[in-house]
There are 2 protein chains.
Amino acid sequence: MAHVSGGRRAEIIAVGSELLTPSRVDTNSLHITERLNAIGVHVAAKAIVGDDRQLLAALVTQALDHADLLVVTGGLGPTDDDVTREAVCAALSLPMHEDEAIIAVIQRRFEARGLHMPDVNRRQGQVPEGAVVLGNPHGTAPGLLIQHGDRLVVLLPGPPREMRPMLDDLIATRLGAWSPGLRIYRRVLRIAGRTESHVEELAQPVYSRFAQDDPPVQTTILAAPGQIELHLSVSAAGGAVADAALGAATGALTEVLGPYVFSTDGRSLEQVVGDLLSARGLRLAIAESCTGGLIAKRLTDVPGSSAYLERGLVCYSNRSKVEVAGVPAALIDAHGAVSEPVAEALALGIRARAAVDIGVGLTGIAGPGGGSEAKPVGTVAIALAGPTDAVRVRTFRFHGDRDQVRTQAAQTALDMIRRVLSDR
Amino acid sequence: MAHVSGGRRAEIIAVGSELLTPSRVDTNSLHITERLNAIGVHVAAKAIVGDDRQLLAALVTQALDHADLLVVTGGLGPTDDDVTREAVCAALSLPMHEDEAIIAVIQRRFEARGLHMPDVNRRQGQVPEGAVVLGNPHGTAPGLLIQHGDRLVVLLPGPPREMRPMLDDLIATRLGAWSPGLRIYRRVLRIAGRTESHVEELAQPVYSRFAQDDPPVQTTILAAPGQIELHLSVSAAGGAVADAALGAATGALTEVLGPYVFSTDGRSLEQVVGDLLSARGLRLAIAESCTGGLIAKRLTDVPGSSAYLERGLVCYSNRSKVEVAGVPAALIDAHGAVSEPVAEALALGIRARAAVDIGVGLTGIAGPGGGSEAKPVGTVAIALAGPTDAVRVRTFRFHGDRDQVRTQAAQTALDMIRRVLSDR
């Protein structure tokens, strides 16, 4: 994505040695990027550094060479490992003083829990000269805002639940006003049932024209197992212009992608399915084998899902398929547990037993073991006994490892429900 | 984690504007970190920058101020957006020339697919003076290795399937020999059933001594809902010395943390539970309400779990609790669905219906709605009807949002199974 001309440039530095291990990524910067983009601030670079005072100070100095705004997260704790305050003050040549008001707040926080504040927490009351203190209702570390010439430096705590509300508050109160001109607006089209290359083939001739529009709409494709996303973004002075541009782009893409687009408003597939069930007053039950509870788990990620999910069955054994979903044992013997007749019997059986409108049956081989030449790993039969029509059943061959097969199987089952409910 | 004295220092720069959007993280650096750590190279910092020639050149110059090795990924494609070669040459003041041998390889790659090489791909044949060309069997972009004084600069393609084998080859052939002496070895202790501050209180007096050991063992605490991890690392010349140091540290920590440590060998809680069930030849069934299938999903993430998970029930409705798990309706009326008697009846009922050794019953309020003064959001009753003893049942009050409550509830249920199976 091109840099928005005229907008402010930001850099984000995440501090913490754990973020330099092979097992951790910095995710705070994603939230910060989203919020900064929304006020028209372009993130030009990000850096991650350990608990290393000297290196952090050097990175701060370098960042202020090219950024109008520097956001530093983490390293504001009370221990010696927490170097952010000191490194930033060294880089900006600012003295620090102890702020008794901050220390009093931290003391009250401990006392409210019947605890005595350890002396080490006094470090969290150190404030660089001229800095604005940002209150932290969710932890002991206050944030800090420092004006450095025509640049801004913001220090935020590392834990997301402390960082996010503090940032949101800062954007509402100070940063929003500080950032002039264009804001970046986004919209995401989510697509199921098509591969990335399918989507690219259909969408590319359409979105390649958006770049010539006024304002130009940028498009990025992101692919995950079972789900393709088209991320649209536009820089505009106001929401009305942006909405019009994004609306037109969304409309043009939805026209060529048709019913495969399941969401243009940020909702997940399970939310879309839940909303369709709620709107039509329908209830659902699921009997899933190789997905092992993933479909039910995703449906119940959505608050209020108890209104439409009556029950789920993880029928890992044949016995449970027979006893709980009423699949005839002879059917399993005749066709094997992974077969369309068994998926169909699961869907019909769970629908009848639960006395609901829609039954879903899924059976497959997630791997790595259990495959055969006729039914290789990735073979999954999914059946949907809908509210009115006959049972839909289909066999899929998903590629990838166990996790990818299960993810795609659950996604496909949810998408079958969506398509039946939206008559597509 | 402190910088390993004597070891080489690396910095990693990931190039690509898509890595500066709110929806993408750089994951290449995790693989690179793991491989570099294994040969004793410490990653001191990481940076992410867009397709911005000038800024990338500045970051390269800055990185070489403090790093012995700079690894740059991405930006080696054929288009104008691919700025890595030029930015690095600008930073190092190196001229480039076109290498006909590289272009011939790319041409053959296109011809093998019956395609003509577009002219733009000639850019991928540009080689900085003195650079070693790293072959790319999986794509068109060759990698480059540049010796710059006593520093090394490595340019690798962005796509993981091209980058990883190239890096592995480079480590086997050149980087391994370049990095002297010590390698970094790691071990992770995973803990359930204790908060971070509990773990810190017990572990800190023990691990603070490790820093004085020879070789010193570094310890980092990472906290996630329901799980605390202690990451130990040591720099040593060989595996035997490292194993001894990590083994001693693990032993000392396990002694103070006792049965709360569930894994010291990288296994997840669901793997540990699965291995215990397999070893004892026991089978399990689950009736879970507010976790909505999450417990079954996690157990079945493990290949081979069909050997011990007989069935799972997501009993979202009272009717399903009665019909599938045999909970007396009067019990629900008397105590409410979220209660210890109902959890107990779920565990006993599902154990009897599934004819297995262990039954788990879980019922709770995940929120955001459905809470009351007596039973606020986060209230979860978990019962375990074990292979021999009486039913264990306990009510928990988990904090956090819906996702956090569900995560902690599932983790706690799995940990109850583990503790019963390991007689702790």
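In which sense do S6(A) and strand S7 of chain A pair, and over how many bridges? They pair in the antiparallel sense, over 3 bridges.

1. **Before you start.** This is a predicted model, where local features need pLDDT of at least 70 and side-chain atom pairs count only at pLDDT 80 or more, while totals for chains, interfaces and linings use all residues. Residues are numbered from 1 along each chain as its sequence is written, chains are lettered from A and ligands numbered from 1 in the order in which they are written, and side-chain values use heavy atoms, with hydrogens and water left out.

2. Strands are DSSP runs of E with at least two residues, helices are runs of H or I with at least four, and both are numbered from the N terminus. Two strands pair if DSSP finds at least two bridges between them. In S7(A), Gly143(A) is the bridge partner of Leu134(A). These strands belong to an open sheet of 12 strands with mixed pairing, in the order S6(A)-S7(A)-S8(A)-S3(A)-S1(A)-S2(A)-S2(B)-S1(B)-S3(B)-S8(B)-S7(B)-S6(B). At the edges are strand S6 (132-134) of chain A and strand S6 (132-134) of chain B, each pairing on one side only. From one strand to the next, the twist averages 15 degrees.

3. **A second sheet.** Now follow the order S17(A)-S16(A)-S15(A)-S13(A)-S14(A)-S14(B)-S13(B)-S15(B)-S16(B)-S17(B): these 10 strands form an open sheet, again with mixed pairing. Its edge strands are S17 (392-397) of chain A and S17 (392-397) of chain B. The twist averages 10 degrees from one strand to the next. S16(A) and S17(A) run antiparallel and are joined by 6 bridges, with Leu384(A) opposite Arg392(A).

4. **Where the chains pair.** Strand S14 (residues 309-314) of chain A and strand S14 (residues 309-314) of chain B pair in the antiparallel sense over 3 bridges. Look for Val314(A), whose bridge partner in S14(B) is Gly312(B).

5. Helix H10 (residues 318-325) of chain A lies across S14 and S15 of chain A together with S14 of chain B, and runs at about 35 degrees to S14(B). For such angles, axes are lines fitted to C-alpha atoms (for helices, over the stretch in contact), and the angles run from 0 to 180 degrees between N-to-C directions.

6. **The interface.** Counting heavy atoms within 4.5 Å as contact, 63 residues of chain B are in contact with 64 residues of chain A. The buried area is about 5100 Å², with carbon and sulfur atoms giving 57%; this is the accessible area (1.4 Å probe) that two parts lose on being put together, summed over both. In chain B, Pro22(B), Lys46(B) and Tyr316(B) lose the most area to chain A.

7. **Charged pairs.** How many salt bridges cross the interface of chain B and chain A? The rule finds 5, taking a side-chain nitrogen of Lys or Arg within 4 Å of a carboxyl oxygen of Asp or Glu. One of the salt bridges links Arg9(A) with Asp52(B), whose closest N and O atoms are 3.9 Å apart.

8. **Backbone details.** Most residues other than glycine have a negative phi, and most peptide bonds are trans. Yet the bond from Gly367(A) to Pro368(A) is cis, and a cis peptide bond also joins Gly367(B) and Pro368(B). Ala355(A) has a positive phi, near 55 degrees.
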